Amino acid sequence: MALVAGGVLSLSTGGRTDVGLWQLFSPDGLAASVLADIRAPRTLVAALLGINLGIAGLVLQAVTRNPLASPSILGINQGAALGLALSLILPGLAGAAQDVMAVAGAIGAGAITFAIAGGFSGKTDPMRLILGGMAVGAFAFATVRFTYTLDDDIARTVVRWTVGDITDIRWPAVNRLAWVAVPGLLAAFALSHRLNLMAMGQDQAQGLGADPRVTLSLGALIAAVMAGVSVTVAGPIAFTGLVVPHLARFLFGEDNRVLVPTTALIGAALMMVADGLSKILTAPIEAPIGVIAALIGAPWFLWQTLRRDAFQ
């Protein structure tokens, strides 16, 4: 029901006030064109962003056993944005695909964060993981902001990514996200048993034949690819990957075999609602969807941080 409601809200709102809820049921002429060419791809992109970022956050929280882990908190989103910016400003990388550079930046940032926390040695320190992610993310984003001073055209392009804007999204972006969301969802589901073992502790997982370093590496790779491609489309949207897995656990428990599909559904619903709200709250001017997602997720992050057992 939430998924359907989010889709209807996203499709029925937009710049044209003469194309609303009732035109969804009998689109004709201009209404059909607006729905098919403008609103439908934007709605699907919002849903796919919710799937990608929600699954990335779920996997990261499972492999690190840290409720505060997410692509934005661990610097993965910012690393993807840095890779994207480098593809624009370095002549030698101008021919590289933006998706490839974003994924490379996300993997690099994630690897540095996990190395700081000692994750690749099999013992992850929760506090160092968060602090390392904050440091890596701050450095990467500061470098991205430095690109504003290099060229006006680059600055305008990069600013769009940094605020999380999907206003001008069309069907090619849907295809890019779908080619990552479907394999990523399947890969996360295939990894769900290992994620359940990680919840028992790294030593117990090792004793049951699931090397925690392998699980960590696979999980980080899934999260980096899904978050990296999402950043190329909509920018480093914060907090979605943090909030959605917690909502799924609150509703459906701790079994990752159940959490993977339900996180995808909740993430899609939440982001479509955020897209609809981005067009309503500041009408007739649209707010970036990344701003709405942050307004939803930031209070949750603060609450999780203040919880007494947040780092236990």
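## Ser278: buried or exposed?

A residue is called buried when its relative accessible area is under 20%. In this predicted model, Ser278 has a relative accessibility of 0%, so Ser278 counts as buried.

Ser278 belongs to helix H12, which covers residues 256–280.

## Neighbours of Ser278

Which residues does Ser278 touch, leaving out those up to four places away in sequence? They are Arg42, Ile285, Glu286, Ala287, Pro288, Ile289 and Ile292.

Arg42 is also a polar partner. The side chains of Ser278 and Arg42 make a polar contact at 3.5 Å.

## Cavities

How many cavities of 30 Å³ or more does a search of the whole structure find? The search finds two. The largest cavity has a volume of about 40 Å³.

H13 supplies the largest share of the lining, with three residues.

## What lines the largest cavity

The lining consists of Phe239, Thr240, Val243, Leu270, Met271, Ala293, Ile296 and Gly297.

How do the lining residues divide into nonpolar, polar and charged? Six are nonpolar and two are polar. No charged residue takes part in the lining of the largest cavity.

Key. Residues numbered from 1 in each chain as written. Predicted model: local features only at pLDDT ≥ 70, side-chain atom pairs only at ≥ 80, totals over all residues. Heavy atoms only, no water. Helix = DSSP H or I, 4+ residues; strand = E, 2+ residues; numbered from the N terminus. Buried < 20%, exposed > 50% of the residue type's maximum accessible area, 1.4 Å probe, protein only. Polar contact = N/O pair within 3.5 Å; in protein donor to acceptor, adjacent residues only side chain to side chain. Contact = heavy atoms within 4.5 Å. 1 Å grid on protein atoms, 1.4 Å probe; cavity = no way out; pocket = protein on both sides within 12 Å on 5 of 7 lines; lining within 4 Å. Points joined across faces, edges and corners; volume = space filled by probe spheres on them. Nonpolar A, V, L, I, M, F, W, Y, C, P; charged D, E, K, R; others polar.
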